[in-house]
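The following exercises are meant to be worked with the sequence and the structure side by side. Each task is followed by a solution in steps.

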Amino acid sequence: MEKIEKLTIDALRRDDEERTHGDFYLETDQLVARYANAVPISFDGFVVALFQTGRAEMSVNGHKYKVCGGDLLLLAPDAVLKYYGATPDYAATKIVVTLDVIRNFPLSLNTVIICMARRRPIVRLNRTDYEMLQDCLALIGKNYNSTTQCYRTEILETFFYAMLLVIGSIYKRSEVDAD
């Protein structure tokens, strides 16, 4: 059996990076490049990734996927992810939050979102949903990179909560479309 590397938010942060803020980690560079063809990884938190361009191959809990621009990835805590590689034009924005952030949300949302992530970690988005999630991530990114806001954590949690509500709506619609 292959060894699984357990990652925390602090382990994701590069030595030259100070953008990690407590329970949040936002990345817009190549996590795939750091872990391509490496051992499987597992996060101690919840991951949302919006794929913008290019293609990548990965497996989630042993199920293989080919993702491309316009796809959404949700990883529940302790899901096992393995990257096999990506095209040179691959780009994605990823946000990792600790389980403590998810636990702060109403029980119905945190239960539903984790169940959705376990049941179907990859969703192909239509253009409207993709743009809506891009806007959500842009708001999170703007506040994530700000160092002067006194209620920064609360703002990040609120925007992340709103984004999860949008994702929940997307998942519900995609399940109806699949029927």
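Helices here are DSSP runs of H or I with at least four residues, and they are numbered from the N terminus. The model is a predicted one.

**Exercise 1. Locate Ile102 and describe its surroundings.**

Step 1. Ile102 belongs to helix 3, which covers residues 99-103.

Step 2. Buried residues are those under 20% relative accessible area. Ile102 has a value of 1%, and therefore counts as buried.

Step 3. When neighbours within four places in sequence are set aside, the contacts of Ile102 are Phe46, Val97, Asn110, Ile114, Phe160 and Leu164.

Step 4. One of these contacts is Ile114. Ile114 lies 12 residues from Ile102 along the chain, and their C-alpha atoms are 9.2 Å apart.

**Exercise 2. Trace the pairing of strand 5 with strand 6 and with strand 8.**

Step 1. Six bridges pair strand 5 (residues 55-60) with strand 6 (residues 63-68) in the antiparallel sense. Ala56 is opposite Val67, and Ser59 is opposite Lys64.

Step 2. The hairpin of strand 5 and strand 6 has two residues between the strands, and Asn61 adopts a positive phi near 50° there.

Step 3. Strand 5 also pairs with strand 8 (residues 80-86), again in the antiparallel sense, over five bridges. In this pairing Glu57 stands opposite Gly85.

**Exercise 3. State how many salt bridges the structure holds, and examine examples of them.**

Step 1. Side chains of opposite charge can pair when their charged atoms come close.

Step 2. Arg124 and Asp71 form a salt bridge with an N to O distance of 2.3 Å. This pair links distant parts of the chain, since Arg124 is in strand 10 and Asp71 in strand 7, 53 residues apart. Arg124 is exposed at 55% relative accessibility, whereas Asp71 is buried at 1%.

Step 3. Glu131 and Arg127 form a salt bridge at 3.2 Å, N to O. Both residues lie in helix 5, four residues apart, which is about one turn of the helix. Glu131 is partly exposed at 35%, and Arg127 is exposed at 67%.

Step 4. Asp129 and Arg173 meet in a salt bridge at 2.5 Å, N to O. Asp129 is in helix 5 and Arg173 in helix 6 (residues 152-178), so the pair ties together parts that are 44 residues apart in sequence. Asp129 is buried, with a relative accessible area of 7%, while Arg173 is partly exposed at 36%.

Notes: Residues are numbered from 1 along each chain as its sequence is written. This is a predicted model: local features need pLDDT of at least 70, side-chain atom pairs count only at pLDDT 80 or more; totals for chains, interfaces and linings use all residues. Side-chain values use heavy atoms; hydrogens and water are left out. Buried means under 20% relative accessible area, exposed over 50%, partly exposed in between (1.4 Å probe, protein chains only). Contact means heavy atoms within 4.5 Å. Two strands pair if DSSP finds at least two bridges between them. A salt bridge is a side-chain nitrogen of Lys or Arg within 4 Å of a carboxyl oxygen of Asp or Glu.
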